[in-house]
Amino acid sequence: MSIPDLFRCPISLDLFTDPVTLSTGQTYDRPGIEKWLAGGNLTCPVTMQRLHDTSLVPNHTLKHLIDQWLLTGCDLNPNPKPTKLVHGFELSTLKQNFQSPDATLASKLETLGKIRSLSVESDISCLMHSGFFQLLLELLFQTPCHGNVELIELALECILNLSPSIHVDSLNMLKKESNLASLLLHLEQGSTKIKTSLCRLLEDIATSLATCELCLFLGQTQRVLQALVTLLHDKTDASASEAALRAISSICSFEANRGNAIKGGAVDGLIMYLLNSTQQNVSQALATLELLLGLETGKKAMGKNSNAVSLLVKMVFRVSSVQEGSEHAIESLMILCSDSRQMRVEAINSGVLTQLLLLLQSQSSPKAKDKARAFLKLLRAMWNEDQSWL
């Protein structure tokens, strides 16, 4: 499928989904230019002019032209054909099959299979502009949790294939009570594959600049966090627990969500994850724990967990992991030990001094060594202070 150069974003080279114009007069797709600006770039990517005004003005004219082009079959010929064939499938026919109230389960599965093929092999922009993302979400959240598992899994696979071109308006349907309830049921009672896919969708929502508000909304729904924590404990499928970890970490990147995550059991869940000998994303789990320790409720939750301090001490220096996560482990211990003599004693009894000295003699990063020295200095000062009370 040939896309006119006028309709391609200069950054992604894909079809515009939400064209916006900078003060320089250059037009970009909103996700691409927002990412460019969020990275600290204050120039126009095409002209390299310095931007004194970073406001983005919607280019409604270009959007209208693209919509008309798509409606005419993605062809700018003066006499366009009624439809444009994409890999042998007509988008309009697929859409009719998808929306037909008379469609059988077999027909829906066949249609979803074709959409999946298109979402992998073709330009996903046409599928997005034709409204398939919205239709897939409606199918997902209107299908009962105990409905056809294959149908739900296939719909989610298509949604995830399209999610890099997330449309905020479509995903905002999750704010509707009935759709949120459906999401929760799928997270709590769906198959492992469904739960894992939903974790990936939540991660996409949390990491997209366009869906920050939605992430904050979902992060305030405690059942969402509780379902993710439960999945974090899943020992039957490593991919499920890893997906849950990434979703929790992404949601907790928003400070406003951290208190609710703690209430949902995230601290104990992350510790349980780290206690599992097969864990893969040690650094990410430790980084998230460190974030949660920024709240008093996080410190209290850590203090109540009998494994917390000894686990963190173990994570300070680990030969097999090439010191992955050492900095986060040390920082977390410093936070805990600064506030509690009992935890300082527990850390010392768990061998933290040996761990710190081993780390200082290893090939660890300079930053990790600096933190180790700072922690040793803190422990020495506080130990002297503790002894003065004896």
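This is a predicted model: local features need pLDDT of at least 70, side-chain atom pairs count only at pLDDT 80 or more; totals for chains, interfaces and linings use all residues.
A crossing of two helices is left-handed if the near helix is turned anticlockwise from the far one by less than a right angle, and right-handed if clockwise.

**Overall make-up**

The protein has 22 helices and five strands. Of its 390 residues, 47% are buried. Among contacts with a separation of 6 or more, 65% join residues 24 or more positions apart.

| Pair | Angle | Axis separation | Crossing |
|---|---|---|---|
| H7 and H10 | roughly 25 degrees | within 10 Å | left-handed |
| H15 and H17 | about 50 degrees | 9 Å | right-handed |

H7 covers residues 149-162, and H10 covers 192-207. Their axes cross at roughly 25 degrees. That angle makes H7 roughly parallel to H10, because angles under 35 degrees count as such. H7 passes H10 in a left-handed crossing. The H7 side of the contact consists of Val149, Ile152, Glu153, Leu156, Glu157, Ile159 and Leu160. They meet Lys193, Ile194, Ser197, Leu198, Arg200, Leu201 and Asp204 of H10. By class, this contact holds eight nonpolar, one polar and five charged residues. In general, an α-helix has 3.6 residues a turn, so residues three or four places apart point the same way.

H15 (266-275) packs against H17 (residues 296-304) at about 50 degrees. The two helices are therefore oblique to each other. Here the crossing is right-handed. Val267, Asp268 and Ile271 of H15 meet Gly298, Ala301 and Met302 of H17. Four of these residues are nonpolar, one is polar and one is charged.

**Helix H13**

H10 and H15 both return as cover for H13. Eleven of the 14 residues are buried, so H13 is largely enclosed by the rest of the structure. Among the buried residues are Ala240, Glu242, Leu245, Ile248 and Ile251. Ser241, Ser249 and Ser250 are buried too. Besides H10 and H15, the cover includes H11 (212-219), H12 (222-232), H14 (255-263) and H16 (282-292).

**Gln342**

Gln342 sits in helix H20, residues 341-349. Is Gln342 buried or exposed? Its relative accessibility is 63%, so Gln342 counts as exposed; the cut-off is over 50%.

Key:
Residues are numbered from 1 along each chain as its sequence is written. Side-chain values use heavy atoms; hydrogens and water are left out. Buried means under 20% relative accessible area, exposed over 50%, partly exposed in between (1.4 Å probe, protein chains only). Helices (H or I, at least four residues) and strands (E, at least two) are DSSP runs, numbered from the N terminus. Contact means heavy atoms within 4.5 Å. Axes are lines fitted to C-alpha atoms, for helices over the stretch in contact, and angles run from 0 to 180 degrees between N-to-C directions. Angles under 35 degrees count as roughly parallel, over 145 as roughly antiparallel, 65 to 115 as roughly perpendicular and the rest as oblique. Ala, Val, Leu, Ile, Met, Phe, Trp, Tyr, Cys and Pro count as nonpolar, Asp, Glu, Lys and Arg as charged, and the others, Gly among them, as polar.
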